[in-house]
Protein chains: 2
Amino acid sequence: MALIVQKYGGTSVGSVERISAVAEKVKAYRDRGDQVVVVVSAMSGETNRLIGLASEIDDRPSPREMDVLVSTGEQVTIALLSMALQKIDCDARSYTGGQVHILTDSAHSKARIRDIDAARVKSDLDKGRVVVVAGFQGVDEHGSITTLGRGGSDTTAVAMAAALKADECQIYTDVDGVYTTDPRVVPNARRLERITFEEMLEMASLGSKVLQIRAVEFAGKYNVPLRVLSSFEEGEGTLITFEEESMEQAMISGIAFNRDEAKLTILGVPDQPGVAHKIIGPISSQNIEVDMIIQNISHDTGRTDFTFTVNRVDFKRAKEILEQTANEMGAREVLADDRIVKISLVGVGMRSHAGIASKMFEALAKDGINIRMISTSEIKISVVVDEKYLELGVRALHDAFELEKEV
Amino acid sequence: MALIVQKYGGTSVGSVERISAVAEKVKAYRDRGDQVVVVVSAMSGETNRLIGLASEIDDRPSPREMDVLVSTGEQVTIALLSMALQKIDCDARSYTGGQVHILTDSAHSKARIRDIDAARVKSDLDKGRVVVVAGFQGVDEHGSITTLGRGGSDTTAVAMAAALKADECQIYTDVDGVYTTDPRVVPNARRLERITFEEMLEMASLGSKVLQIRAVEFAGKYNVPLRVLSSFEEGEGTLITFEEESMEQAMISGIAFNRDEAKLTILGVPDQPGVAHKIIGPISSQNIEVDMIIQNISHDTGRTDFTFTVNRVDFKRAKEILEQTANEMGAREVLADDRIVKISLVGVGMRSHAGIASKMFEALAKDGINIRMISTSEIKISVVVDEKYLELGVRALHDAFELEKEV
C-alpha cells in the first residue's frame with residue numbers, strides 16, 4: 001500500500017467524459033490498496049473563458065479579484081471528479097485550496113506556498129476516501145484566495161506530496177514521459193525511464209516543457225519522487241529521481257533546444273573592470289532577460305568582444321539599447337543575428353566523463369555545422385548554431401551519443 | 001449616511017454589461033455617503049449550466065459536491081462586480097460565503113443560516129470600501145461549502161442586513177415593486193408603496209413570486225426593512241414594513257392567485273375523531289403538500305365530506321392514494337378536478353373591517369362566477385373557482401375594491 005498524489009491537467013479533465021475516465025484511473029489505484037490524493041486543474045478552456053470575462057470589464061483587473069474569479073475553474077473540476085468517483089462507488093471528497101489550508105504569501109496570481117495543513121486530508125484518507133484537491137490555488141493569512149500562476153497545479157501536487165510524505169507524486173499530462181529529445185525532430189527519440197532532478201531542470205528551462213519548473217525545484221527540495229505519465233495511454237512514464245539513487249548513470253540524458261534565441265555582439269569594447277555591467281545593465285533594466293553571455297579573452301589592443309543572447313521577441317529593443325551603449329563606450333561595432341538557435345546536451349554523467357564536448361563538436365562538424373557560441377555548465381553543454389541547422393544538429397547529436405538505445 | 005444592503009439577482013448580473021450597470025448603481029449610493037454591501041447571485045444561466053455538467057456524470061450527485069460546484073457561480077459574479085466597481089474608482093472587495101463566515105447547518109442544497117460574523121464586513125465598510133458578498137452560499141461547522149437553495153441570495157441579503165443592523169435591505173429584481181395583482185392580468189394594477197410583512201408572506205406563498213418567502217420571514221423576525229426595486233428602472237419600489245408603522249391601512253393590499261391548484265373531494269366518510277388524519281396522513285407521507293383543507297359540518301347521516309387542494313403536478317398520485325383511502329374507509333365516492341384556480345384577497349385591514357367577504361362574493365357572483373371552495377384567515381380570503389374564470393375573477397375583484405386607486 002502506497003500513498004500517491006496524482007495530478008491531472010486541464011486537457012485530462014477537459015470534458016465530462018474525460019473526468020469519468022480519470023475517475024476510473026484513480027479507482028484502479030484505490031482498489032489495489034493505495035491511498036490516493038488527486039490534484040486537478042480547471043477544465044481546458046475554462047480559465048481562458050474566465051479571463052475573457054474579466055478583460056471585458058477591465059484590461060487591468062485587480063489581482064485579488066482575478067484570483068477569486070479564476071479559482072472557480074478548479075473548484076468546478078473537484079466537484080465533478082468527486083461526483084464521478086462516487087458514481088463508481090469510490091468514496092471521495094473535494095477540497096478547495098483554502099479548505100485544506102494551502103497557505104501562501106499574498107502575491108496574487110503568482111503566490112508561493114508556505115505551508116499545508118495535511119491533517120484533514122490524512123483523516124479522510126484513513127477513512128478510505130479519495131481526496132480531490134483544487135490545484136493552482138491557496139489562501140493567504142487574511143483568508144483571501146490566491147493563485148500560484150499558470151501551471152501551478154503541478155506545484156500544488158508536489159507540495160501536497162511533500163506535506164503528506166507521499167511515496168510518489170504522479171503528474172499526468174498529454175505526453176507519456178520525458179524523451180531524449182523532441183520526437184517531432186528525431187523520430188527514434190526514446191522515452192527515458194528515469195531522469196535526475198537537475199537534468200529535468202535543465203531540460204525544462206531549455207524548452208522541453210513537460211513540467212512546471214517551480215514544481216521540479218519544489219520536488220527536489222523536499223525529496224518528492226516525481227513521475228510524469230500520460231493520461232490517455234498506459235505506461236510507466238518517466239521517474240524523476242535524485243542522483244544518488246542511480247547506480248549507473250547515462251552520460252547524456254537528452255538534447256534540448258530553443259528556437260527563440262537571438263544573438264547580439266558588441267565588438268572592440270575597452271577591456272576594463274565593470275564593462276560587462278555597462279553592457280548588460282541597460283538591457284536588464286528594460287526587463288529583457290539575457291540567456292547566454294560570453295566574453296572572450298582580450299585582444300592585444302586592450303579591447304575585447306562581448307556576446308549574449310536574448311529571446312527573439314526582445315531582439316529589436318535589445319539591439320537599439322546596445323547600439324546606444326556602443327556609442328557611449330566608443331565600441332567599434334554591433335553585430336546582431338536573430339536567425340540562430342541553441343542546442344544543449346544535458347546529462348549528469350558528463351561530470352565524470354571527459355571528451356563529451358569534443359565528441360559533440362566533432363559530430364556537428366562532420367555535418368558541416370558551424371558553431372557560433374559555446375557555453376558549458378556542470379551538466380550541460382550548449383552551442384549556438386544557425387537556425388537552418390537545428391534539426392540536422394539535433395539528429396546528429398542524437399545519433400552520435402546513441403540516445404535511441406537503452407542504457 | 002445609511003448602511004444599505006443591496007441584492008442583485010441573476011438577471012440583473014446576467015452579462016458583463018449588466019454587471020457594469022449594477023456597479024454604477026452601487027457607486028451612486030456610495031457617492032452620496034452610504035455604506036453599501038452588495039449580495040449577488042450567479043449570472044443567469046450559469047447555475048443551470050453547472051447543474052447540467054453534474055447531471056451528465058450522475059443523475060443523483062452528492063449534495064455536498066453539488067454545493068461545491070454551484071457555489072462557483074456566485075463566486076464568479078462577486079469577482080466581476082468588484083472589478084467593475086474598481087474600474088470606476090469605487091474601492092471594493094469580494095467575499096465568498098465562507099470568507100465572511102456565513103455559518104449554516106449541514107443540510108446541503110437547502111441549508112439554513114445560523115450566524116454571520118459581521119466584523120470583517122464592518123472593517124471594510126469603515127475603510128470606505130463596498131463589500132461584495134456571494135449570495136446563496138455559506139459554510140458549515142466543518143468548513144464544507146453549503147447552499148441555501150434556489151433564491152437563497154435574498155436570504156443572504158436579509159441575514160447580512162440583520163447582522164449589520166442595516167438601515168435597509170434592497171432587493172433588486174426585474175419588476176419595479178409589488179403590485180396589487182399581476183399586471184399581465186389586470187393592466188391597471190397599481191404598484192404598492194408599502195406592504196406589511198404578513199401581507200407579503202401571503203402574497204408570496206400565493207404565487208406573487210417577487211421575493212423568496214424565507215427571506216421575508218427572516219426580515220420579519222429580525223425587523224429588517226426590506227425594499228423591492230427594479231434593477232433596470234428608476235423608482236422607489238415597494239417597502240415592506242411592520243404593521244405598527246402604518247397609521248392608515250388600506251383594507252385590501254392585493255389579489256394573489258395560483259394556477260397550479262387541483263382539488264380532491266372524498267364524499268360520505270364517517271364523521272369520527274381522527275378522520276382528517278386518516279385522509280391527509282397517507283398523502284403527506286408521500287411528500288405531497290396539501291394547501292387548502294375544508295371539512296364541512298356533518299350530514300344527519302353521521303357522514304361528512306372532506307375537500308383539499310394539492311399542486312397539479314401531484315394531482316394523479318394524490319388521487320390514487322385518496323381512492324385507496326376511500327376504499328378502506330368505506331367512503332361513498334372520490335371527486336377530482338384539476339381545472340381549478342385559487343384567488344385570494346390579501347390585506348391586514350380586513351381584520352378590522354366587516355363585510356369584505358360578502359363584497360368579494362358579490363363581485364364574483366355579479367360576473368356569474370361560481371365559488372367551489374372558500375377558506376379564510378386573519379388577513380386573507382381565498383376562493384377556488386373554475387380555471388376559466390381566473391382572469392375574469394381577478395379583474396372583477398380588482399375593480400370592486402378599487403385597487404387601482406391610491407389610498
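In this predicted model, chain A contains an open sheet of eight strands with mixed pairing, in the order E3-E6-E2-E1-E9-E11-E12-E10. Strand E3 (92-95) and strand E10 (194-196) of chain A stand at its edges, and each has a single partner strand, so one side of each is left without a neighbour in the sheet. On average, and with direction ignored, neighbouring strands of this sheet are turned by 20 degrees against each other.

Strand E1 (residues 3-8) of chain A includes Tyr8(A). The relative accessibility of Tyr8(A) is 0%, and because buried means under 20%, Tyr8(A) counts as buried. Apart from its neighbours within four places in sequence, Tyr8(A) has contacts that include Val13(A), Val22(A), Lys25(A), Val26(A), Val38(A), Val39(A) and Val40(A). Ser41(A), Tyr172(A) and Ser231(A) are also among its contacts. The side chain of Tyr8(A) additionally makes a polar contact of 2.9 Å with the side chain of Gln6(A). In an unreviewed entry, UniProt lists Tyr8(A) under "binding site", together with Lys7(A), Gly9(A), Gly10(A), Thr173(A), Asp174(A), Tyr179(A), Arg184(A), Lys209(A) and Val210(A).

In chain B, strand E18 (residues 340-346) is mostly covered, with seven of its seven residues buried. Ile340(B), Lys342(B), Ser344(B) and Val346(B) point one way from E18(B), while Val341(B), Ile343(B) and Leu345(B) point the other way. Strands of a sheet pair through backbone hydrogen bonds, either parallel or antiparallel. E18(B) is joined antiparallel to strand E13 (residues 254-258) of chain B by five bridges, and Gly254(B) stands opposite Val346(B) in E18(B). E18(B) also runs antiparallel to strand E20 (residues 380-386) of chain B, with seven bridges between them. Here Ser344(B) has Ser382(B) in E20(B) as its bridge partner.

The remaining point is how the chains are arranged. Two copies of a chain are related by a rotation about an axis and a shift along it.

Note on methods. Residues are numbered from 1 along each chain as its sequence is written. Chains are lettered from A and ligands numbered from 1 in the order in which they are written. This is a predicted model: local features need pLDDT of at least 70, side-chain atom pairs count only at pLDDT 80 or more; totals for chains, interfaces and linings use all residues. Side-chain values use heavy atoms; hydrogens and water are left out. UniProt positions are given in the numbering used here, feature names are shortened, and annotations may be inferred rather than shown by experiment. Helices (H or I, at least four residues) and strands (E, at least two) are DSSP runs, numbered from the N terminus. Buried means under 20% relative accessible area, exposed over 50%, partly exposed in between (1.4 Å probe, protein chains only). Contact means heavy atoms within 4.5 Å. A polar contact is a pair of N or O atoms within 3.5 Å; within protein, one must be able to donate a hydrogen and the other to accept it, and residues adjacent in sequence count only if both atoms are side-chain atoms. Two strands pair if DSSP finds at least two bridges between them. Axes are lines fitted to C-alpha atoms, for helices over the stretch in contact, and angles run from 0 to 180 degrees between N-to-C directions.
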